[in-house]
Amino acid sequence: MTTVTARDSATLSTLTFGGVLRSEWIKLRTLRSTVWCFQILAFLTLAVGVLVALNTGEEGAPQAVQQNIVLQASTAAISFSQLVACVLGVLVISGEYGTGMIRSTLTAVPRRLPALYAKVIVFGVVTFVVAAVSILVTSLLAAALLAPSGVYPDLGDGDYWLALVGGATYLALLGVMALAIGAIIRNSAGGIAAALGLVLVLPGVIQLIGVLIDAKWLQNVAFFLPDQAGRKMFSYGAPNSVTDGIVSLGNWQGGLVLVGWVVVLLVLASVLLKRRDV
Amino acid sequence: MIEAQGLTKRYGAKTAVDGITFSVKPGMVTGFLGPNGAGKSTTMRMIVGLDRPTAGSVTVNGKPYAEHRSPLREVGVLLDAKAVHTGRSALGHLLAIGATHNIKRSRVDEVIALTGLDSVARKRVGGFSLGMGQRLGIATALLGDPATLILDEPVNGLDPEGVIWVRQLARHLASEGRTVFLSSHLMSEMAQTADHIIVLGKGKVIADSPVADIIALATGTSVRVRTPDASRLTELMRTDAVTVTSAEPSLLEVNGLTAPQIGELAARSGIVLHELTPAVGSLEDAYLSLTQDVVEYHAGGTPAGASASPTPSTPTEDVR
């Protein structure tokens, strides 16, 4: 062991946001759990998509129905993979609180917010890319598998691509929302429970109560929850409408509502991160 | 250079750090001593901005830590060995932390070699021993080649070889003109490593002096005398300036007389002495007497503001 340190090798280094982004990228890929989660996400998308494609098909269906059949096969796994995105999103930050890593992170980035935003960007982009590639590959596979049953998607249809990309965007936004929840709650178990509760449990509960007490406004509230609104992003050509007092959001409107959730929770996470002791 | 001004941290009703003012100078090793719960770690966390002070301020190299453009190059900090994600390898951890400051791969390899982590660098940190975790924490602190090092209990969990290594490292870093601020509960360790010591008790600075002065506090104050004729010797020594205590019939603890004086007194009266030992002051004794004072003081219920701590030559001592 020696006690020699070299002053010159580190002298050119300085803190930059690009560096913080790279740091978060290294963190994401050097944890086995994140790598596994992304692999599970990709595998689920493909496997469920293939299963659905093998078991559907309709000879002589109108083109809009044909588009929808391929889309549903490609995005059928989202009901499951959204759980993976939520859990991973929470863990990306709560794992740092659980292990104490957050103290190293915030010592390196003492202004704190750049560290949070770098996490959001890196995790959001990686989730989007993994989801988009999986969904696109699944759509090609599904189209091939569905061809014998007479289903041919029109690839020149903008709404079709919008829905495919919308599926990946939905997963990325939901993951980022879960990350914000993890940053607020700072505990893996609590964060995962809160994120899944918001995405899985709350919509059903609100809708059920809304139906039971016959309150349309309450049923409408449920449509503005993250998953109900966000799901419109990968519904084929969903229009924005109000029928019989029940709101139905369009693709873009649903997406914007989810973005709203993400922004509000991120603002809360930022304020708390800046204020709280670590 | 670390400068704290009236630094205070309260958690609810509990005051962890109570308006402390001190400075840690470059070119020497400054020890930070205090019993558990004295506020050492809280103070160190406030220095690097992890905890927000309730009142007061602290600067590093002239600025609050967070305002430096490249914080890791200003301050390297080991707060506890567990500030690492257990699922990541030591190499991955250092690369990730280094990346924030665009620190080159070569520097990461350098600190790995420097801290003796070569053989375990690619292993996951979760399987590390306490000592290995400590080395990784020190490697992280050294990553930015900082001008100031803050090490909280750096020898915790290290084997004897590691303890010597940390001691040499701290001395070497200080000799390069860096500011080295380290806390330890091992007083003997401090005596060998530190040049200057700040003692914290119940959130207040109770001493801020060179090591030699602190040791002097406990030196030459008492003499142990073992004699079969204890009661007669006690009678002979009794004056206003001398106090004698006795733990067992033939053993006396004498304050106020030197060993030669006691020996001569005994010889004149023909008293047999079996032992005559001046108590050698140690940092440990000094530390215990300092902190005990604080503890007793508070236990006695006297208002804290009236504290008159036995602090020699402390220009920056808290005087509230």
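Reader: Let's start with helix α9 of chain A: what covers the buried residues of α9(A)?

Author: Happy to take a close look with you, keeping in mind that this is a predicted model. The cover over the buried residues of α9(A) includes α8 (188-212), α10 and β2 (246-248), which belong to chain A as well. Helix α9 itself spans residues 216-223, and its buried residues are L218(A), Q219(A), N220(A) and A222(A).

One of those covering elements, α10, deserves a stop of its own. Helix α10 of chain A runs over residues 226-230 and holds D227(A). With a relative accessibility of 6%, D227(A) counts as buried, because the cut-off for that word is under 20%. Setting aside neighbours within four places in sequence, D227(A) touches Q82(A), Y170(A), V199(A) and P203(A). D227(A) also has a charged partner: a salt bridge joins D227(A) to R231(A), with 3.9 Å between the closest N and O atoms. That distance qualifies because the limit for a salt bridge is 4 Å. R231(A) is partly exposed, at a relative accessible area of 23%, whereas D227(A) is buried.

Chain A has another salt bridge to show you, between E96(A) and K27(A), whose closest N and O atoms are 3.0 Å apart. This one links distant parts of the chain: E96(A) sits in helix α4 (residues 78-99) and K27(A) in helix α1 (residues 17-29), 69 residues apart. Both ends are buried, E96(A) at 2% relative accessibility and K27(A) at 4%. As a general point, side chains of opposite charge can pair when their charged atoms come close.

The whole structure contains 0 disulfides over all chains. For C37(A), the closest cysteine sulfur is that of C86(A), and at 11 Å it is too far for a bond. A disulfide needs the sulfur atoms within 2.5 Å, so the 11 Å between C37(A) and C86(A) rules this pair out. Both cysteines are buried, C37(A) with a relative accessible area of 15% and C86(A) at 1% relative accessibility.

Now let's cross over to the partner chain. Chain B has 11 helices and 13 strands, and buried residues make up 52% of its 320 residues. Among contacts in chain B with a separation of 6 or more, 68% are between residues 24 or more positions apart.

The two chains meet through 52 residues of chain B and 45 residues of chain A. Together they bury about 4200 Å², of which 53% is on carbon and sulfur atoms. L50(B), R88(B) and T100(B) supply 15% of the area that chain B buries against chain A, more than any other three residues.

There are 19 residue pairs in polar contact between the chains. On the chain B side, the elements that give two or more residues are β1 (2-11), α2 (71-74), α3 (90-100), α4 (105-114) and α6 (160-175). Of these, α3(B) gives the largest share, 7 residues. By type, the residues on this side of chain B divide into 20 nonpolar, 13 polar and 19 charged. Even so, the count of salt bridges between chain B and chain A is 1. That bridge runs from K9(B) to D277(A), with the closest N and O atoms 2.6 Å apart.

Over all chains, the search of the whole structure finds 19 salt bridges. One of them lies within chain B, where R171(B) pairs with D195(B) and the closest N and O atoms are 3.1 Å apart. R171(B) is in helix α6 and D195(B) is in the loop between α7 (187-193) and β8 (196-201) of chain B, so the pair ties together parts 24 residues apart in sequence. Both residues are partly exposed, R171(B) with a relative accessible area of 31% and D195(B) at 29% relative accessibility. Chain B also has a network of salt bridges that share partners, joining R107(B), E110(B), D145(B), E176(B) and R178(B).

A last stop in chain B is S129(B), in the loop between α4 and α5 (130-142). S129(B) is partly exposed, with a relative accessible area of 44%. Its C-alpha atom is separated by 23 Å from that of G98(B), which is 31 residues away along the chain.

Terms used
Residues are numbered from 1 along each chain as its sequence is written. Chains are lettered from A and ligands numbered from 1 in the order in which they are written. This is a predicted model: local features need pLDDT of at least 70, side-chain atom pairs count only at pLDDT 80 or more; totals for chains, interfaces and linings use all residues. Side-chain values use heavy atoms; hydrogens and water are left out. Contact means heavy atoms within 4.5 Å. Buried area is the accessible area (1.4 Å probe) that two parts lose on being put together, summed over both. A salt bridge is a side-chain nitrogen of Lys or Arg within 4 Å of a carboxyl oxygen of Asp or Glu. A polar contact is a pair of N or O atoms within 3.5 Å; within protein, one must be able to donate a hydrogen and the other to accept it, and residues adjacent in sequence count only if both atoms are side-chain atoms. Helices (H or I, at least four residues) and strands (E, at least two) are DSSP runs, numbered from the N terminus. Ala, Val, Leu, Ile, Met, Phe, Trp, Tyr, Cys and Pro count as nonpolar, Asp, Glu, Lys and Arg as charged, and the others, Gly among them, as polar. Buried means under 20% relative accessible area, exposed over 50%, partly exposed in between (1.4 Å probe, protein chains only).
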